[in-house]
Amino acid sequence: MIWLTWRQHRAELIGVAAFVVLLATVLASYLGSVQEVNAACGQHECWGGAGVALGDQVWRIDLVLTLFSPVLAGLVAVFWGAPLLSREYEQRTYLVAWGQDVSPARWLGGRAALLTGAVLLLSVPLAVISWLLVEAVRTSGARGNTGPYQTLDLWPAIPVVQALFGLVLGVAVGALLRRTLVAMGTTLAVYVVVRVTISTTVLRWLPPQRLLFPVGQLSALPPDAAVVSTGLLDDAGNPVVAPYDCDQQCLIERGIRHSYLDVQPLDRLDLLTWLEVIAYGLMVVGLAWLTWARVRRTTRVG
Amino acid sequence: MTWLTWRVERGKVLAAAALVLLAAAVLLTLNMDGPVVVMGARIALTIGPPAFAVVVAVFWGAPLVAREYEQRTYLFLWSRDRPATRWLALRVAHLLLPIVVLTFAVNIAARLTFDHMLGMAVHEYPYDLWLPLELATVIAGFALGVLVGVLARNVVLSMGITLIAYVVLRFVVGVVARPYLLPPVRLLDQVRPMDALFVAGGYLDRDGHELTTSAVQQMCIGQHPVIAAQDPCLVARGITHSFLDIQPVDRLSDLRLVESGGYVVLAVALLAVAWLVLRRREFRR
């Protein structure tokens, strides 16, 4: 069974594994150079500090850290998950594969266990290296995107559960649609929609704290808080759109005396992180159950 | 587009059109009231148009021929009277129409989102949003997918190879090669002009040898004036000028033209190779 799975999926497995190895090498080399700078600047005074010494590297590090997890999970979803069942259905090999001696549940269980193992094997080291890199960049004091809320998605459990979600989503879509190409395309679209929805709304999952300031005053942000939204309020407390060509005096004359800042303070970070992990976890369990029920039903009929 | 092509390809065409419209609708109705939303819109604008090109290459180009081989439908499709080469030429020609229309829609949507994000501020559109360049990159991706499909004859495999090859191609051309598509202009002891494309920078010693900024920082730590001759430390080390290689802003349209031309030539070459491979296989049959 293991040998057969390997023979059938080796191109996809090797492709994604090669991508992960490349990514891990890049992340590890960044980690090495940031730690080196941190150590050197710790021993003797660096000109401008470790953050400045990193210079041009910071935006490259930010870019790799932002992209690695969505791309990895996307590849797993489209190239590992989606074709797994849809290919068997489309080429009608399921009639042979799920014979009398291997029940469909056992077949699916075996494949799923192997691919889940592969996903964990690839995503756990990446998640750990990237988190070490985040902490090293924070130590350096470089002005990258490594604030606590900006790295919410990089807390090690999240890239791992996202990769698992990708796999399960692909398999479930393949089981429902049963055509390889359609399943791959649909998986990609659903995956992008889910990821975008979650990452743009996660800060609103808990009601944000509203801070009020008189119009025209500089707003002081609590340290390390995340800004959810900003705007102007009229006297009744309703958000209003700022009129064009209107200075402070004119705003006050129109009854717009306050600006607001909706923020999530730092002490909610852990709760929001866990909420995201739980959301992905629930989707993984739900989709796995859906797939299993679907595969069992198929064979009873046909 | 003939009736048959439409019947076979309508799923892809309709799905892509729906996705483009949906993405455009979401981006254009976003309420830009917080940094998360603005950042999201910025990311969507940066990766949206290239992602569309990737989808066309991977989901339209790669399976076009590979699918016929994998499902063995080519045995019915291609015969002595209806050769594979003719089938390929017609199918590609038919699909080019929706590709052009959808790329046009993506381009317009990206420009409108850009306006929506920046409000009334006067702005230049990003380099890659020039319509002919975007069209050329999308068509080159499609051609790449078709060729990979012809060679690999396996749907999932050819999609994977196309994905990797196209991402590498776009990265190499857009990031590595772009500043060198035309010979850059060298400025001595000058500040970088606004909007110019940076190619390289550093210092020159008396003999005209180039030195990197980091090498010079190790010799003379700290901020240096733009005119190297005003810095005693630099002069003492024999450094006479700072230099800056750039592509001035009035050349960007020529650069785009060269880049678009390169992609068009590549697309034609890739399709020609795919056609030749099919013709050779035909002779063997």
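**Ground rules.** I am working from a predicted model, where local features need pLDDT of at least 70, side-chain atom pairs count only at pLDDT 80 or more, and totals for chains, interfaces and linings use all residues. Residues are numbered from 1 along each chain as its sequence is written, while chains are lettered from A and ligands numbered from 1 in the order in which they are written.

**Confidence.** I checked pLDDT, the predictor's confidence in each residue, from 0 to 100. Chain A averages 83, with 90% of its residues scoring at least 70. For chain B the mean is 85, and 95% of the residues reach 70 or more. I then went through the elements, taking helices (H or I, at least four residues) and strands (E, at least two) as DSSP runs numbered from the N terminus. In chain B the lowest mean belongs to helix H7 (residues 213–219), at 72, and the highest to helix H5 (residues 131–152), at 95. For the complex, the predictor gives an ipTM of 0.74 and a pTM of 0.82.

**Domains.** I took the bounds as they come from an automatic or database domain assignment. Chain A divides into domain 1 (2–204 + 276–301) and domain 2 (209–267). Their C-alpha centres are separated by 39 Å. How many residues of domain 1 of chain A are in contact with domain 2 of chain A? I counted contacts by C-beta atoms, placed from the backbone, that lie within 7 Å, and got 5 residues of domain 1 against 5 residues of domain 2. The domain 1 side of chain A has 3 nonpolar, 1 polar and 1 charged residues. The classes are: Ala, Val, Leu, Ile, Met, Phe, Trp, Tyr, Cys and Pro nonpolar; Asp, Glu, Lys and Arg charged; the others, Gly among them, polar. Chain B is assigned domain 1 (3–181 + 253–284) and domain 2 (197–247). I get 43 Å between the C-alpha centres of those two domains of chain B.

**The sheet in chain A.** I went looking for strand order, counting two strands as paired if DSSP finds at least two bridges between them. There is an open sheet of 4 strands, ordered S1-S4-S2-S3, with antiparallel pairing. Strands S1 (209–214) and S3 (239–240) of chain A are the edges, each pairing on one side only. Which residue of S4(A) is the bridge partner of Phe213(A)? I found Ser259(A), which is also the bridge partner of Leu232(A) in S4(A). On the S3(A) side, Leu232(A) has Val240(A) as its bridge partner, and 2 bridges join S2(A) to S3(A). That hairpin has 5 residues between the strands, and Gly237(A) there takes a positive phi near 90 degrees.

**The sheet in chain B.** Here 4 strands form an open antiparallel sheet in the order S1-S4-S2-S3. Its edge strands are S1 (185–188) and S3 (210–211) of chain B. S1(B) pairs with strand S4 (residues 239–247) of chain B over 4 bridges, with Leu188(B) opposite Phe243(B). Strand S2 (residues 197–205) of chain B is joined to S4(B) by 8 bridges, and Phe198(B) has Ile246(B) as its partner.

**Helix H3 of chain A.** I checked its span against the expected value, 1.5 Å times one less than the number of residues. The 34 residues (57–90) should span 50 Å, and the end C-alpha atoms of H3(A) are 47 Å apart, which agrees. I also noted a bend of about 45 degrees at Pro83(A); the bend is the angle between axes fitted to the seven residues ending there and the seven starting there. After H3(A) comes Arg92(A), with a positive phi near 60 degrees.

**Between the chains.** The contact takes 17 residues from chain B and 18 residues from chain A. On the chain B side, helices H1 (3–29), H2 (35–70) and H6 (155–177) of chain B each give two or more residues. H2(B) gives the most, with 6 residues. By class, the chain B side divides into 11 nonpolar, 5 polar and 1 charged.

Definitions and conventions:
Two residues are in contact if their C-beta atoms, placed from the backbone, lie within 7 Å.
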